[in-house]
Amino acid sequence: MKRSIGLAAAATTLAMVALPLGVVSTGSSPALAAGFSYKTLTPLQKRLLSGGSAMALQGAGASTLRANSSTKPSYFPQSDDGCTARISFNIKVNTNCLNISDPDLAGRGQANNETSIAYDPRNPRVMVASANDYRTGDGNCYTHYSRDGGRNWQDSTPPTSFTRGQVDNVVDFGAARQYWGGGGDTSVAFDTKGNAYLSCQLFNRGEPVSNNPDISSALVVYRSTKNGGASWNFPGRYVRASADVTASGVPPFLDKQLMTVDNHVGSPYQDRVYVSWTEFASDGSAFIYEAHSSDYGEHFTPPKLVSTTSPLCVQTYGAGTVATTGQHSNCNENQFSQPFTGPDGNLYIVYANFNNAVSAGLPEDPDEDRGDGGDADAGAAAAAAAPADNRNQMLLSKSVDGGNTFSPPVKVSDYYDLPDCATYQAGKDPGRSCVPEKGTSTNSYFRAVNYPSGAVDPTNSKKVVVTFGSYINRHSNEANGCVPTGFSSFGTNVYTGVKTPGACNNDILISVSTNKGGTFTGTTKDPRVLQTVTTDRRQATTDQWWQWTDFTRTGKLATSYYDRQYGSDEMTGYSDVSLSGSKDLRHFGVKRVTSSSMPPPTQFEGVFYGDYTGLAAPSNAYPLWSDTRTPALFVCPGTATAGTPPRLCTASASNAKVANDQELRTAIVSVPSK
């Protein structure tokens, strides 16, 4: 969920966001101990909480941006109206013009992040996109649509102002309407009938930010009935709701919901809408749930437990009892679930899990075709001697009955998360991980984690692919000076070689199943020898992160991601976007997507860039990312006098030449392969 607080109100927000959220939904939910707040979260829960949620629950400092109001201010070019549609071949998706914010509210009123994009399977030229959008001051769910294959876009506005306050056996907010202050964590999808769907988390902030104590939140789905995202049905339909209009303080806390639709013609569950999410509870747990709709998003089932018990989970946090259903599961510390379906109707949900036993390494597969000249033996030998391993695991749960029940999870792979930010970036963004650049500069400190993204080959329902980031991999391992050294005081990962050029780097790994998710290539292989999709020479020493994966309709895999292999990105904290593609899932071609490098984000104090990106690939690929190349604009202080309106200025930023906006951009890219 995206609850990024206003920078000017940060000092007063902490007291409000420490209040807990209560939950009311279909079916009964045993009450947990009251008192959910950021302070009561365990260190591991704080590590897993999404970036926007952490900003809302913890608070943020006042902005350090200052308008450049010196004798030579940087003025906004009069020939530009703040609506520039293209940067070379990179297409702007949000078509609104740039709002003008006060410097202490950088990010409010103009940022866009956490992107999702989908196409109509009946007509791939019809596309819909979504993101967290701050044009109204608070984050909210906004959408955009294209009728010409992504070349031109128009904005559309979901009706998120209020939902029904009373729905039989689902939720009761005590009034006919429940009004909402903001929203986020968006995702979009199409069914086979031409309907588009938007998943959105709605929330209120309570006191003292507002004069209303309401701190309710809800997972809501909207349908665009056969007009491709140009408009949305009102009101939205509840998937799950936390009704706490009086700040009563009953957990759990809903986070990071994502959606898919089974749009495979002939599937036994054709057009079923699936949503999965995480629930943080006061006992220290974080279970994954799913709910679904078989009537085009009109009604959703009660929550179904996804992260069921498994021998893969050996360290249980909290009681291990599922608050919603009363079941027991030892896989109770999870985050970032993504649902996806196959042509046969199977539902897969992949997620990061933290109940594993930290081990020194797994045996190397002697038949592994590394393909890049890496030293597999050296990596495996070093893994066996690693003194302070800090790996976790990606798990996958499958449902063969349309999301009603789930099999025990299987291991997709172990992985290593990104490093603790404060340790390597001069104390910045404490308690979170980030993507530190190399060398002595400390410009890159936005919150980032590694997560999974999965897809099923539409030409072969047995072939299931999951991509994910890992900081220890065939390129960044002990053989080149990158060694896991355990955990920071915040519970985040630490390593040697983080700031050393040529040592640590984050790669995008791929794990493949050829038996419908029964086992994966990464199930018994160490991440140090697993195949990567990032195979360019310079990608072996630079960072890639925030990937998304899709198959084309002919079965070619496409994966887009942020990339620091270009120019001086790896030393300055700038970034680009690249696309990898493959026909055989072993040999990958790579293309640069961005036409020039993007500076580190400066909005929200530079600590929040979103948590994920999107991709759709009907035949060409359409990566969708948050772009920081456009300067942010501010009222130039002291320039307004009688008869003279205020001038517009850029602003200085500590980690970039100038404060920047966050815009949505895409590109139409042919999928490379080797």
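Me: So a pocket here is an open set of points on a 1 Å grid, with protein on both sides within 12 Å along at least five of seven lines, and its lining residues have an atom within 4 Å of a point. Which residues lie nearest the centre of the largest pocket?

Reply: This is a predicted model. In it, Tyr119, Thr260, Val261, Asn263 and Asp550 lie nearest the centre of the largest pocket, out of 35 lining residues. The volume of this pocket is about 810 Å³.

Me: What kinds of residues make up the lining?

Reply: There are 20 nonpolar residues, 13 polar ones and two charged ones.

Me: And which strand gives the largest share?

Reply: That's strand 4, with five residues. Several strands supply at least two residues each, including strand 14, strand 18 (334-341) and strand 27 (544-551).

Me: Strand 14, then. Where does it sit in its sheet?

Reply: Strand 14 (253-261) is an edge strand, as is strand 17 (304-305), and each pairs on one side only. The open sheet has four strands in the order 14-15-16-17, with antiparallel pairing.

Me: How many bridges join strand 16 to strand 17?

Reply: Two. Tyr289 has Leu305 of strand 17 as its bridge partner.

Me: New topic: strand 36. Are its residues buried or exposed?

Reply: Buried, on both faces: Glu663 and Arg665 on one side, Leu664 and Thr666 on the other.

Notes:
Residues are numbered from 1 along each chain as its sequence is written. This is a predicted model: local features need pLDDT of at least 70, side-chain atom pairs count only at pLDDT 80 or more; totals for chains, interfaces and linings use all residues. Side-chain values use heavy atoms; hydrogens and water are left out. Two strands pair if DSSP finds at least two bridges between them. On a 1 Å grid over the protein atoms alone, a cavity is a set of points where a 1.4 Å probe fits but cannot get out, and a pocket is an open set with protein on both sides within 12 Å along at least five of seven lines; lining residues have an atom within 4 Å of a point. Grid points are joined across faces, edges and corners, and a volume is the space filled by probe spheres set on the points. Ala, Val, Leu, Ile, Met, Phe, Trp, Tyr, Cys and Pro count as nonpolar, Asp, Glu, Lys and Arg as charged, and the others, Gly among them, as polar. Buried means under 20% relative accessible area, exposed over 50%, partly exposed in between (1.4 Å probe, protein chains only).
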